[in-house]
Amino acid sequence: MVTCSFRQLLVRPFALLAAMLILAGCSSLPRTPYTASNAAASTVLDLSELRRYADEPASRFLSTDVYPRSGPVSYLALSGGGADGAFGAGVLNGWSAAGTRPTFSAVSGVSTGALIAPFAFLGPAYDVTLREIYTSGIAESLLNTPSIVRAVFGSGLFGNTHLRELIARYVGRDTLAAIAAENAKGRKLLVVTTNIDTQRTVIWDMGRIAAIGSTQALDLFRDVLAASASIPVVFPPMLIDAEANGHRFQEMHVDGGVTAPVLTLPEAFLSRNGALARGLRMNIYVLVNDKVERDFQLVPNSTIDIAARASASVTKTQIRSVLYGTYDFARRNSLGFNLTYIDKDVPSPGSFGFETGYMRSLYQYGYDKAKAGDFWAKAPPSDGSLLGGFRYRRPAVSQ
């Protein structure tokens, strides 16, 4: 007889979601209703310039300073990946040790990448903080109070208390002030969430939020980080106060990886053949806290294993699509493209969640890889080793 453990469900959000649907019919937590027109006109902290949406026209991004436009520009994009964020922390520390890490003009983060992003943005002085978050064992506390009752009758298997406490521990007023100072120099820090009411990818300008400097701004900054890392079903969503047309309500935000596993450039550029400002010189560094190459695996014929493999395949396909789109865009616009990721031969964790031993090992792998110096690929990986000779070719495009 095929059985599955609670731990197996835990690390497979889609599988867990399927299990929760079986228990459908339970009442949901109350919310203040609002309309699509309210959503379209909504503001946070009574300011409209604190965020953009990835599906907005390219002109909206070029007419604002969400992305720096004066070159040369170095842009670091950090992906999601849960505990695999230890790889990104290791890469950044190793890159510092190698003495070749630039001061980034812009940094974006999704999910675990969002937790890394503020410290990557502030530079090597915060490398110790990154190492502590991902190797000290503090991350294990995020998943130590599971509750099926909370999942069924609430909005997440785990409460978000530990996640919020972790963020509050490392992101205080001093951190906010440091980010605001860098924002004033024209550097940009961006974090991605998914508004599941509107199904839109939200790009938050964290430097502008930090520049406000108020208690409300600090709370919003922390809430956005928590929202970006809130895997649906596993963690409750973050409800962010908003206002439109004199009506106050709360938007529901979850893991940015639901709609954007990594934010390189907005959809208007990648999927609609947009063009950046003429003459822009940009080096894009994409740090993927995950495995990108496809691999072979004989999947057990069980519901949980099939759901887990399907979930992993969806995520990998999304990441690869973004990477290929970004690579093509970079080639068309003469931008530098640099990619690093976890090799498919790196062992997977032996148990669920944020296992400290695994995270320390992955951190060291990333550190050694970056310190050695040759850790940036100049194109997305092909599937040659798996598919017998297939190579990715850039499709022909008009100039």
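Biologist: What share of the contacts in the chain between residues at least 6 apart in sequence join residues at least 24 apart?

Modeller: That share is 78%, where contact means heavy atoms within 4.5 Å. This is a predicted model, in which local features need pLDDT of at least 70 and side-chain atom pairs count only at pLDDT 80 or more, while totals for chains, interfaces and linings use all residues. Residues are numbered from 1 along each chain as its sequence is written, and side-chain values use heavy atoms, with hydrogens and water left out.

Biologist: Why is the pair of tyrosine 34 and phenylalanine 249 called stacked?

Modeller: Rings of Phe, Tyr and Trp (its six-membered ring) pair if their centres lie within 6.5 Å; planes under 30 degrees apart count as stacked, over 60 as edge-to-face and the rest as tilted. The centres of tyrosine 34 and phenylalanine 249 are 4.1 Å apart with 10 degrees between the planes, so the pair is stacked. Tyrosine 34 lies in the loop between α2 (13-22) and α3 (36-41) and phenylalanine 249 in strand β7 (residues 247-255), so the pair ties together parts 215 residues apart in sequence. Helices (H or I, at least four residues) and strands (E, at least two) are DSSP runs, numbered from the N terminus.

Biologist: What makes arginine 200 a charge over the ring of tyrosine 53?

Modeller: The definition asks for NZ of Lys or CZ of Arg within 6 Å of the ring centre and within 35 degrees of the ring normal. Arginine 200 lies over the face of tyrosine 53 at 4.0 Å from the ring centre. The charged end of lysine 369 also qualifies, at 5.6 Å from the centre of the ring of tyrosine 341.

Biologist: Why is helix α6 (residues 112-122) described as largely enclosed by the rest of the structure?

Modeller: Buried means under 20% relative accessible area, exposed over 50%, partly exposed in between (1.4 Å probe, protein chains only). In α6, 11 of the 11 residues are buried, so the helix is largely enclosed. Among them are Leu115, Ile116 and Phe119. Of the 399 residues of the chain, 51% count as buried. Just after α6, glycine 123 takes a positive phi of about 100 degrees.

Biologist: Which angle and axis distance describe the packing of α5 (residues 85-98) and α15 (residues 356-371)?

Modeller: Their axes are 6 Å apart, at an angle of about 35 degrees. Axes are lines fitted to C-alpha atoms, for helices over the stretch in contact, and angles run from 0 to 180 degrees between N-to-C directions. Residues making the contact include Ala86 and Trp95 of α5 and Leu362 and Gly366 of α15.
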